[in-house]
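Please load the model in your viewer and keep the sequence panel open beside it. The stops below go from one selection to the next, with a note on what to look for at each.

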Amino acid sequence: MTRSGVRTTVKVRVKAEVITTRKRKRLEQITGRDTRIIKQYLKVIYHNEEQIAITKKGKKKVSKAKLDHLTLTTCKMNKLPNRPTVRHDFKKSFPRCSQNEFQECRENAVAIYHSQQANNSAPAKDPTLKKIPRTQLSHAKRFILTCSPSNSIARWWVGIRDSFDTKKNNTHKHEKLWLPLACSPYHEHNLNQGKLQALEVLCYPKKKEWWVHFILLHVPDKYSSSRPPAVLGIDLGINKRAVSALLTPKGAINRHEIRFWSDKTRKKLLKETERKIAKLQKISAKHSLNVNKRDSLLHQLKSLRKRQRTEHQLTDHTYVNKLVKYILSVGKRYDLYVVVGFPLHIRKSHYRGNLYPHSRKNVHKWNYRRVVELLKFKLSLQGWEEHRILAIGESGTSSYCSRCGSYHTIRPNQPTFICHTCGYNLNADLNGAKNIAKRLIKYVLQPKYNSIKDQVSGKFFPLISFRVFPVLSQWLQTKQSHLLTPGAGVRA
Ligand SMILES: [Zn+2]
């Protein structure tokens, strides 16, 4: 996510089966040449690293001007030579490539170099195999996306301007390369969501497919309000997918603002696939000698696992969509901050041999990170600022009372929570959700540090972003505040 908006990609397949051989050849030539130029740029960068790269805040950054000084010749307007010779003359090596295309390739190469520096990875060793796409920008009118409903071949077409046909010393405007797209209503809807910024043409030689990736920018409306602030605490769970509680300035929790998000059909669906997989695994272990039968079994297993993955993703999407809908409806009434309890290190603590094999199995299957990331992404598309949806560590939030802060509590069974100090009796996950929301308020109003860390993105947000929080201070007042220190009561 950038400061100005969110970028998304819409991937559309090119109808390669209907385009002419000449067009296909040209497309192959263009993508091949782009790859060669980008790789050449990368070579020059690595070869002249000391001269080009500047270290800023411990990161190596390439100076694009210095890179141009090494690769491109220039002439002044009065035709006097300004930079007649350079060490690596790209115009000589690629005479039919235009200035714009060099620039786009340079941007790609620099981006690849920066990402390699960030990951501390070395440059790829076999450079011949993979094609690297060039990002073509729309602001220079490098391409056009049009819809022609009456066309019998394809409804959507993309026209790419490319200098490949330009003859040497005889520049002429050549026709655009028009590609028919296999655009479904889903793609159309997504393409209309944002502003078209750039595209990449990708080739998958194994499948003999071409894909166009459109890069869109979503600029959200500024979120400003005179509404009272509120914090929505969400406690993620395995059996119940989530519990949410809303803390408002009124000081008492509203019964109507408590939500339990469970999904019974999902559980049934996933269990069924899981059972099938287990059955096949058992059979395949028996038939270890019979090669033919084993192969077919493995093939079945593979497709089943693929189905399982899709089921997981689909159910996650529908459930997060519901959550987003609820959050948006609450956001209309309140200046809302959402905080999700993130179970840090939970997988580490559920190691093999810690006596809880059943819960270990469940914990390792639990996809909490994907849910939080999806939630963040979908809210950001709706114009939510990043600091309004935070993931903070939830450790310990289920073991103390959300009303009085006492640790003298008991959980007779998984869903029930009873406080011996104040007699509070409620759902344990709801208690957790309340404590998570309170934890954020505590971070802001009784700060130890001057920023709050988001555990998913790793970003830090200054406390100034939460300047409306003092109204919520009553949530931190407890009658028996001396019990807030851990160890004061008996830990259940
Ligand atoms: Zn209590």
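Helices (H or I, at least four residues) and strands (E, at least two) are here DSSP runs, numbered from the N terminus. Residues are numbered from 1 along each chain as its sequence is written. This is a predicted model, in which local features need pLDDT of at least 70 and side-chain atom pairs count only at pLDDT 80 or more, while totals for chains, interfaces and linings use all residues.

**The whole chain.** With everything displayed, the protein shows 12 helices and 21 strands. Of its 492 residues, 24% count as buried, a residue being buried if 20 or more other C-beta atoms lie within 10 Å of its own, exposed if 12 or fewer, and partly exposed in between, with C-beta atoms placed from the backbone. Two residues are in contact if their C-beta atoms, placed in that way, lie within 7 Å; among contacts between residues at least 6 apart in sequence, 63% join residues at least 24 apart.

**Helix α5.** Select residues 99-118, the 20 residues of α5, which reach 29 Å from the first C-alpha to the last. That is close to the 28 Å expected at 1.5 Å a residue, where the expected span is 1.5 Å times one less than the number of residues. The buried residues of α5 include E101, R106, N108 and Y113, and the buried residues of this helix pack against α1 (21-47), β3 (59-62), α3 (64-71) and β6 (135-137). Following α5, look at N120, whose phi is positive, near 55 degrees.

**Strand β12.** 8 of the 8 residues of β12 are buried, so the strand is largely enclosed by the rest of the structure. P229, V231, G233 and D235 point one way from β12, whereas A230, L232, I234 and L236 point the other way. Two strands pair if DSSP finds at least two bridges between them. β12 runs parallel to β15, with 7 bridges between the two, and V231 has Y337 of β15 as its bridge partner. With β13 the sense is antiparallel, over 6 bridges; L232 stands opposite L246 there, and a hairpin of 5 residues joins β12 to β13.

Centre on V231: leaving aside its neighbours within four places in sequence, V231 is in contact with residues including L247, V339, L440 and L472.

Finally, select the open sheet of 3 strands, whose order is β17-β18-β19 with antiparallel pairing. Its edge strands, each pairing on one side only, are β17 (409-410) and β19 (425-427). β17 pairs with β18 (residues 416-419) over 2 bridges, and I410 stands opposite I418 in β18. Helix α12 (residues 428-445) packs on this sheet and touches β18 and β19. The direction of α12 makes about 85 degrees with that of β19, where axes are lines fitted to C-alpha atoms, for helices over the stretch in contact, and angles run from 0 to 180 degrees between N-to-C directions.
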